[in-house]
Amino acid sequence: MSNPVEQPVHLCAGQVPLFKAGDTGALWRVLEGTVRLDRESGPSRQPVLIALPGDLVGIESLCDQPYQFTAIAFTDCRLAPVPVTNETERKALLREALFQQQMRTQDMATLRTGNVLSRLACLLQLLGLSWQGAQAADGSSADALRSALPALRELAQMVDAKAETVCRGLAQLLPPRRRKSGPARVHPLSPVAPTGFAPWVSPPMATGTQS
């Protein structure tokens, strides 16, 4: 078994998919950024899993099967094909993929349960964004942080919430931009108690930064 592609590829968020459901091709590893695996449902897409740096994507190729999901960049990302030259390598990668699937399934469950602030906080942490503390205090850092986020519609799909609710949640979790425009935020979401967060989210997250 071998892969015809040899060079890493760079993908911009939300643009051309790495592959589509039903295609056949290589096994990939995420080097930078994040990838979402979507189930195609007519004209719409439903996120099933999120792949983080170090994760394998397209694991169906290890069993000589077509891809079950469509892979598209959730954030700007870089991926490299993974050569599989013998049966020993294939078995090792299958074991890695099994444990990876368990972890990412748990992540996805966390992103779909609980209150919206908790879901958003966990998503920001999975994306590796420094969204709290002194490093996010100045305006330029706040602008860069918001620019690194996927589109609001994509965030809403990932945490299974309305775009308006996600927008209000981000206003509480993220530091303000240097320059605001538009009317003031109304009807803010209520702060979340620490118990409302996943176990790995530290208590300081639970207070919610008011913008």
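The following legends describe views of a predicted model of the protein.

**View 1. Overall arrangement of helices and strands in the protein.** The predicted model contains 7 strands and 5 helices. Read from the N terminus, the order of the elements is β-β-β-β-β-β-β-α-α-α-α-α. When contacts between residues at least 6 apart in sequence are considered, 72% of them join residues at least 24 apart.

**View 2. Surface and interior of the protein.** The protein has 211 residues, of which 42% count as buried. Its accessible surface is about 11100 Å². Carbon and sulfur atoms account for 55% of that surface.

**View 3. Pairing of strand S1 with strand S7.** Strand S1 comprises residues 9–11 and pairs with S7 in the antiparallel sense. The pairing extends over 3 bridges. Histidine 10 has arginine 78 of S7 as its bridge partner.

**View 4. Pairing of strand S2 with strand S7.** Strand S2, formed by residues 28–32, runs antiparallel to S7 and is joined to it by 4 bridges. Tryptophan 28 has proline 81 of S7 as its bridge partner.

Technical notes: Residues numbered from 1 in each chain as written. Predicted model: local features only at pLDDT ≥ 70, side-chain atom pairs only at ≥ 80, totals over all residues. Heavy atoms only, no water. Helix = DSSP H or I, 4+ residues; strand = E, 2+ residues; numbered from the N terminus. Buried < 20%, exposed > 50% of the residue type's maximum accessible area, 1.4 Å probe, protein only. Contact = heavy atoms within 4.5 Å. Areas by Shrake-Rupley, 256 points an atom, 1.4 Å probe, with all protein chains shown as cover. Pairing = 2+ DSSP bridges.
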